[in-house]
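These are my notebook entries on a structure that I am reading for the reader who meets it here. I set down what I looked up, entry by entry.

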Amino acid sequence: MKQYLSKLFLEMESEIGTRGLATEVLKALDKAVDDFKLEDDTQFCKQFYKLIKDIKNTQPRIGLIIDEFYKIWKHLEDNKKKDTRKCIKQTVKKKIHEISIDQNIKRKKIINHGSDIIKKGDTILLHSHSSTVLDILKYSAKQRSFKCIVAEQDYSKTQALIRDLKKQRISFNVVPEYMLSHIEKMVDKVFLGAVTLNSYCHIVGDAGMNALVSEFSGKVPIYLFMSSSKFSYWKAKTLHHSFRQKQVKSHIYDQFTYSRIKYSHDRSPLDSYNYVVTEDGIFTSKDMKDWYNKKYEERTTWRKIFIR
């Protein structure tokens, strides 16, 4: 099950982003709880805890999903001794609903903070297909005019991004990633989303993001948008979140094949970003690192109980 979930999560995250993935996982869990037929609450908890074990040990681990399942697990632990089977199911469903509401509240706060950053006439460079960034652009476009430049990367992700910009009637141009040096002076701000902030204080994001950040760091303000629920409060592995896919491709003109290697994600140092925007406000990278390290220490007991 763990291998299946790992593959599924990677594919879904690539298509709909981390927040979209977490939302779909909660919806699936809510339906699964409804459909659970065993008469014994011990069996319910046994099956549910097995699912949690698989969820929290996927490769890669998804911080936002782990955070959601931890909250459900903690709530269930606090209530299972006094609840009947029916009440346990209702307790889990209620917590799922509360988590969904909380995530929407956080999202709206980030949108408000992000909208304050955009000024009339700005040109904003985009890279990843971040639903949070798109929400900010959509909200801001109703109040002021600005333009976007899309760094062309993975074909399907770029197509999804420009489709959404077109839908919102946001003006944009597309420039290949390897030609961004030509438009540096045109860019006022860089807006990026991410998968997580890990224990090395590295930002994990879409493949290609590290090159973009390296090119624009120190030249243009780089803003990273993500909920604190996405943060990873466990020791990251050396290759955390980077998965290699090797393909055999045929040459377009001549009759021979070659190996093509593709990576799922990039990691870049938090110091490379000017600002991190969360539901709690806009942080400099230094302040964000201090805040994260403090929270990481506070989660020591949490790691021993839940992540082990």
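Entry 1, the largest cavity. I began with helix 1, which contributes seven residues to the lining of the largest cavity, the most of any element. I note that the model is a predicted one. Searching the whole structure, I found four cavities of 30 Å³ or more. The largest cavity holds about 170 Å³ of space. I counted 19 residues in its lining, and those nearest the centre of the cavity are E13, G17, T18, H129 and S130. Two or more lining residues come from each of helix 1 (2-35), helix 5 (131-141) and strand 6. Sorted by class, the lining of the largest cavity comprises 10 polar, six charged and three nonpolar residues.

I recorded a volume of about 90 Å³ for the second largest cavity. Which element gives the largest share of its lining? I found that helix 4 (residues 85-117) does, with four residues. The lining consists of R19, L64, Q103, K106, R107, I110, T132, M226, S227 and K230. Of these lining residues, four are charged, three are polar and three are nonpolar.

I looked up K157, which sits in helix 6 (residues 155-167). Is K157 buried or exposed? Its relative accessible area is 9%, and because buried means under 20%, K157 counts as buried. Leaving out residues up to four places away in sequence, I listed S14, H129 and D206 as the residues that K157 touches.

In soluble globular proteins, nonpolar side chains tend to be buried together. I then followed V190: beyond its neighbours within four places in sequence, V190 is in contact with L125, L212, F216, V220, P221, I222 and Y223.

Strand 4 runs parallel to strand 1 (residues 123-126), and three bridges join the two. Here I124 stands opposite K189. Strand 4 also runs parallel to strand 7 (residues 222-225), joined to it by four bridges. On that side I noted Y223 of strand 7 as the bridge partner of F191.

I traced three strands that form an open, antiparallel sheet in the order 5-6-10. Strand 5 (196-197) and strand 10 (265-269) stand at its edges with a single partner strand each, so each has one side left without a neighbour in the sheet. Strand 6 (residues 202-206) is joined to strand 10 by five bridges. Within this pairing, V204 has R267 of strand 10 as its bridge partner. Elsewhere I found a hairpin of strand 11 and strand 12, with two residues between them. Strand 11 (residues 275-278) and strand 12 (residues 281-284) run antiparallel and share four bridges. In this pair V276 stands opposite F283.

Most residues other than glycine have a negative phi, and most peptide bonds are trans. I searched for exceptions and noted a cis peptide bond between Q59 and P60, with omega about 5 degrees. P60 lies in the loop between helix 2 (41-56) and helix 3 (63-79). R169, which is not a glycine, has a positive phi of about 60 degrees. The loop between helix 6 and strand 3 (171-176) holds R169, and R169 counts as exposed because its relative accessibility is 79%. C201 also has a positive phi, near 55 degrees. C201 is placed in the loop between strand 5 and strand 6; with 7% relative accessibility, C201 counts as buried.

Conventions. Residues numbered from 1 in each chain as written. Predicted model: local features only at pLDDT ≥ 70, side-chain atom pairs only at ≥ 80, totals over all residues. Heavy atoms only, no water. Buried < 20%, exposed > 50% of the residue type's maximum accessible area, 1.4 Å probe, protein only. Contact = heavy atoms within 4.5 Å. Pairing = 2+ DSSP bridges. 1 Å grid on protein atoms, 1.4 Å probe; cavity = no way out; pocket = protein on both sides within 12 Å on 5 of 7 lines; lining within 4 Å. Points joined across faces, edges and corners; volume = space filled by probe spheres on them. Nonpolar A, V, L, I, M, F, W, Y, C, P; charged D, E, K, R; others polar.
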